[in-house]
Amino acid sequence: MDFTYILKRSVRRSICVQISEDEKIIVNAPIGISVSEVDKFIYSKRNWIKRHLERQRNQNALSRELGPLTADDIKQIKKKAKKLIPERVEYYSKLSGISYNRIFIRLQKTRWGSCSADGNLNFNCLLADMPLEILDSVVVHELCHRRHMNHSKAFYEEILKIFPEYKKCDKWLKQNGNAYFKRITD
């Protein structure tokens with residue numbers, strides 16, 4: 001399969017490829033490397049490129065299908081999130097025996113959640129607009145950071161004890177989550 005790509009040269013040591021939000025293939029390469037070497041690299045990464053192009057196309061299609069969020073949409077999602085997310089955190093906190101400090105809910109463009117060292121949990125309000133199991137997977141993920149402030153094997157084992165469907169939900173979020181971010185228009 002032949003790919004058309006944009007070649008950007010710079011002072012760097014290696015070649016890398018990325019897929020832009022507008023579905024373009026961008027290759028960053030060292031200044032001295034030949035086009036035939038870049039082509040070989042692209043060929044060796046063809047399966048990765050196909051997968052990520054398809055993911056980007058699907059996310060763009062889903063974003064168009066869902067449509068941009070109006071100010072009123074965002075207001076309603078925030079209202080729903082402020083009720084729903086604390087309920088889900090409390091449910092999984094009791095189920096797991098994991099405590100937390102405070103919950104913050106914001107509209108964010110790049111993150112679904114985070115956990116601070118002092119036990120505060122932060123969530124993206126857009127989670128309230130997704131299937132409940134996706135929201136729950138993020139809630140459990142952040143709660144488990146209270147026991148493991150990393151992404152170690154023990155951390156994921158903890159998640160799976162509490163939420164066995166985590167891997168399926170995490171995959172869904174990776175495949176579809178960016179479409180929700182794209183709905184935010186400034």
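The largest pocket holds about 340 Å³ of space. Its lining is made of 16 residues. Closest to the centre of the pocket are Trp 112, Tyr 166, Asp 170, Leu 173 and Lys 174. Find those five in the model, which is a predicted one.

Now look at the elements around the pocket. Two of them, α4 (132-144) and α6 (166-182), each give two or more residues to the lining. The top contributor is α6, with 7 residues.

Next, step back to the whole chain. How many helices and strands does the chain have? There are 6 helices and 6 strands. Trace them from the N terminus and the order reads β-β-β-α-α-α-β-β-β-α-α-α.

Then consider the overall dimensions. Along the principal axes, the C-alpha atoms fill a box of roughly 60 × 40 × 30 Å. The chain has 186 residues, and 44% of them are buried. Here, buried means under 20% relative accessible area.

Contacts tell us how the sequence folds back on itself.

The chain exposes about 11,000 Å². Carbon and sulfur atoms supply 50% of that area. The chain carries 35 positive and 22 negative charges.

Technical notes:
Residues are numbered from 1 along each chain as its sequence is written. This is a predicted model: local features need pLDDT of at least 70, side-chain atom pairs count only at pLDDT 80 or more; totals for chains, interfaces and linings use all residues. Side-chain values use heavy atoms; hydrogens and water are left out. Helices (H or I, at least four residues) and strands (E, at least two) are DSSP runs, numbered from the N terminus. Buried means under 20% relative accessible area, exposed over 50%, partly exposed in between (1.4 Å probe, protein chains only). Accessible areas come from the Shrake-Rupley method with a 1.4 Å probe; for residues, only the protein chains shown count as cover. Lys and Arg count as positive and Asp and Glu as negative; His and the chain ends are not counted. The place of a charge is taken as NZ of Lys, CZ of Arg, CG of Asp or CD of Glu. On a 1 Å grid over the protein atoms alone, a cavity is a set of points where a 1.4 Å probe fits but cannot get out, and a pocket is an open set with protein on both sides within 12 Å along at least five of seven lines; lining residues have an atom within 4 Å of a point. Grid points are joined across faces, edges and corners, and a volume is the space filled by probe spheres set on the points.
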